[in-house]
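Welcome, and thank you for opening the viewer. Please load the model, switch to a cartoon view, and follow along one selection at a time.

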Amino acid sequence: MKRMINLKDSRINKKDRLKKKRKRPDPQNLTVRELPQASSALFFKYNEQLGPPYHVLVDTNFINFSIKNKLDITKSMMDCLYAKCIPYITDCVMGELERLGSKYRIALRLAKDPRFQRLPCLHKGIYADDCLVQRVTQHKCYIVATCDKDLRRRIRKIPGVPLMYLSQHQYTIERMPDAFGAPKT
């Protein structure tokens, strides 16, 4: 434990001996904190907009990992959630798949499947992670399917948005307790 010098010690100057008084906040001068508006879809942390059929936003690496693990995306989603699922894919994710080249042509062909609904992007930029985060903050009706750890970390900060990812060769859903694939706590 560190030893402290006594305030009455002769080594301390007179001006330093004075105890510093804390300033009390002025009741006339109130500080205003800016907090983001809570979504009307949330009842505490439970999202009331989620319900069958589930709308699942799919990321590029989720499609790639599903192909590597030989999982049919729509069937595996339905097995995980016990309900009908509609996979959605944004223009940014499609552009990212097209830019990846011929190595990911199977993923691109799978993304062009008519079971996948296309969502047009109206924002600037082509970064798919920003696109997904922006869409989820505006509309809380989506489940985000991704295997990207950074994107999952960003989406965990948004209240009421479930995450779907691959774990042990099957889909797992997080922040949705009544689903089959939810982790046991």
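Let's begin with a pair of helices in this predicted model. Select helix H6 (residues 128-138) and helix H7 (residues 149-156): they pack at an angle of about 20°, and their axes lie 11 Å apart. Because angles under 35 degrees count as roughly parallel, H6 is roughly parallel to H7. The crossing, as H6 passes H7, is right-handed. Now show side chains: from H6, Asp129, Asp130, Leu132 and Val133 meet Leu151, Arg154 and Ile155 of H7.

Next, the sheet. Color the strands and trace the order E5-E4-E3-E6-E7-E8, which makes an open sheet of 6 strands with mixed pairing. At its edges you will find strand E5 (117-119) and strand E8 (170-174), each pairing on one side only. From one strand to the next, the twist averages 35°.

Zoom in on strand E3 (residues 54-58) and strand E4 (residues 85-90), which pair in the parallel sense over 4 bridges. Pick Tyr54 and look across to E4, where its bridge partner is Cys85.

Which helices meet the sheet?

Time to look inside. In soluble globular proteins, nonpolar side chains tend to be buried together. Here the largest nonpolar core has 33 residues; select Phe62, Met77, Ile143, Met164 and Tyr171, which touch the most other members. A second, separate core holds 14 residues, including Leu119, Val136, Tyr142 and Val144.

Finish with some backbone details. Most residues other than glycine have a negative phi, and most peptide bonds are trans. Where does Pro53 sit? Look in the loop between strand E2 (46-47) and E3. The peptide bond from Pro52 to Pro53 is cis, with omega near -5°.

Move on to Tyr82, in the loop between helix H3 (73-81) and E4. Tyr82 has a positive phi of about 55° although it is not a glycine. Is Tyr82 buried or exposed? With a relative accessible area of 60%, Tyr82 is exposed.

Your last stop is His169, in the loop between E7 and E8. The phi of His169 is also positive, near 60°, in a residue other than glycine, and His169 is exposed, with a relative accessible area of 59%.

How values were computed:
Residues are numbered from 1 along each chain as its sequence is written. This is a predicted model: local features need pLDDT of at least 70, side-chain atom pairs count only at pLDDT 80 or more; totals for chains, interfaces and linings use all residues. Side-chain values use heavy atoms; hydrogens and water are left out. Two strands pair if DSSP finds at least two bridges between them. Helices (H or I, at least four residues) and strands (E, at least two) are DSSP runs, numbered from the N terminus. Axes are lines fitted to C-alpha atoms, for helices over the stretch in contact, and angles run from 0 to 180 degrees between N-to-C directions. A nonpolar core is a set of buried Ala, Val, Leu, Ile, Met, Phe, Trp, Tyr and Cys residues joined through side-chain atoms within 4.5 Å. Buried means under 20% relative accessible area, exposed over 50%, partly exposed in between (1.4 Å probe, protein chains only). Angles under 35 degrees count as roughly parallel, over 145 as roughly antiparallel, 65 to 115 as roughly perpendicular and the rest as oblique. A crossing is left-handed if the near helix is turned anticlockwise from the far one by less than a right angle, and right-handed if clockwise. Contact means heavy atoms within 4.5 Å.
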